[in-house]
Amino acid sequence: MLEDCKTAQERWGGVHRLIDRWFDERREMLVAMLELQEACDADPEAISKAQIDRFSELLMDYISAGHFEIYPQLREEAEQFNDHEALKLAEQLLQRLEMSTAMVLEFDEDYSTPTRCQHYLFRLPAWMDRLRKALTERFALEDQLISRLHAAHSPPPAPEVAPSATY
């Protein structure tokens, strides 16, 4: 039984580390997005393909990690706990996440080649605004998904023990 407990702790602790790493990726992608947004505000025509590519790569990596690593792990955890309500909620949230995923894929396609990038550069400020709004909603949905499917199954933190006084 102690071994099962250890295995569960390692398993779901691994999910927690995976989520932490994903949040780091989110932060890095947001920094790149803000930098690109600032460049759009200053002079959209001075933006390089490399700047767009960096942001797009981080964005695609973040979205992919969600779909292929995070969401399946969260589902598996809810299944292990027989949390059918959480699984039902997950399906609803994942359907809503698909809208922003489609938008991200469209953005990536629009700016995938130097020719396409040059052709669509004038639309970049509007794209950035659309992405900002879609990602804001996406993050709220993902946070709700994590809260319901992972945090609900995590053991409560151990209470802090006051140091004993020695006389």
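**View 1. Ala39 and its neighbours.** Leaving aside residues up to four places away in sequence, Ala39 touches Pro44, Ile47 and Gln51. Contact here means heavy atoms within 4.5 Å. This is a predicted model: local features need pLDDT of at least 70, side-chain atom pairs count only at pLDDT 80 or more, and totals for chains, interfaces and linings use all residues. Residues are numbered from 1 along each chain as its sequence is written, and side-chain values use heavy atoms, with hydrogens and water left out. Ala39 lies in helix H1 (residues 2-42). Helices (H or I, at least four residues) and strands (E, at least two) are DSSP runs, numbered from the N terminus. Is Ala39 buried or exposed? Its relative accessibility is 16%, so Ala39 counts as buried. The cut-offs are these: buried means under 20% relative accessible area, exposed over 50%, and partly exposed in between (1.4 Å probe, protein chains only).

**View 2. The whole chain.** Along the sequence the pattern reads α-α-α-α-α. The chain has 167 residues, and 37% of them count as buried. Take the contacts between residues at least 6 apart in sequence: 80% of them join residues at least 24 apart. The chain exposes about 10500 Å², and carbon and sulfur atoms supply 56% of that area. Accessible areas come from the Shrake-Rupley method with a 1.4 Å probe; for residues, only the protein chains shown count as cover.

View 3. H2 (49-80) is a helix with 32 residues. From first C-alpha to last, H2 reaches 45 Å, close to the 46 Å expected at 1.5 Å a residue. The expected span is 1.5 Å times one less than the number of residues. Where does H2 bend? The bend is at Gly66 and is about 40°. A bend is the angle between axes fitted to the seven residues ending at a residue and the seven starting there. Asn82 lies in the loop between H2 and H3. Asn82 has a positive phi of about 50°, although it is not a glycine. Asn82 is exposed, with a relative accessible area of 56%.

**View 4. Helix H3 and its cover.** The 27 residues of H3 should span 39 Å at 1.5 Å a residue, and the end C-alpha atoms are 39 Å apart, which agrees. H3 bends by about 25° at Glu98. The buried residues of H3 include Leu87, Leu93, Leu97, Met103 and Phe107. What covers the buried residues of H3? The cover includes helix H2, helix H4 (114-120) and H5. Met99 is also found in H3. Met99 is exposed, with a relative accessible area of 57%. Met99 and Ala134 are 35 residues apart in sequence, and their C-alpha atoms are 8.4 Å apart in space.

**View 5. Trp22 and Phe23.** How many aromatic pairs does the structure hold? The structure holds eight. In one of them, Trp22 and Phe23 are stacked, at 6.2 Å centre to centre and 20° between the planes. Rings of Phe, Tyr and Trp (its six-membered ring) pair if their centres lie within 6.5 Å; planes under 30 degrees apart count as stacked, over 60 as edge-to-face and the rest as tilted. Trp22 counts as buried, at 1% relative accessibility. Phe23 is partly exposed, at 25%. Trp22 and Phe23 form one aromatic cluster with Tyr62, Tyr71 and Phe139.

View 6. The ring centres of Phe107 and Trp127 are 5.5 Å apart and the planes meet at 75°, so the pair is edge-to-face. Phe107 lies in helix H3 (residues 84-110) and Trp127 in helix H5 (residues 124-149), so the pair ties together parts that are 20 residues apart in sequence. Are Phe107 and Trp127 buried or exposed? Both are buried. The charged end of Arg130 sits over the ring of Trp127, 4.4 Å from the ring centre. A charge sits over a ring if NZ of Lys or CZ of Arg is within 6 Å of the ring centre and within 35 degrees of the ring normal.

**View 7. Leu30 and Arg132.** Leu30 is found in helix H1. At 29% relative accessibility, Leu30 counts as partly exposed. Leu30 and Arg132 are 102 residues apart along the chain, and 9.3 Å separates their C-alpha atoms.
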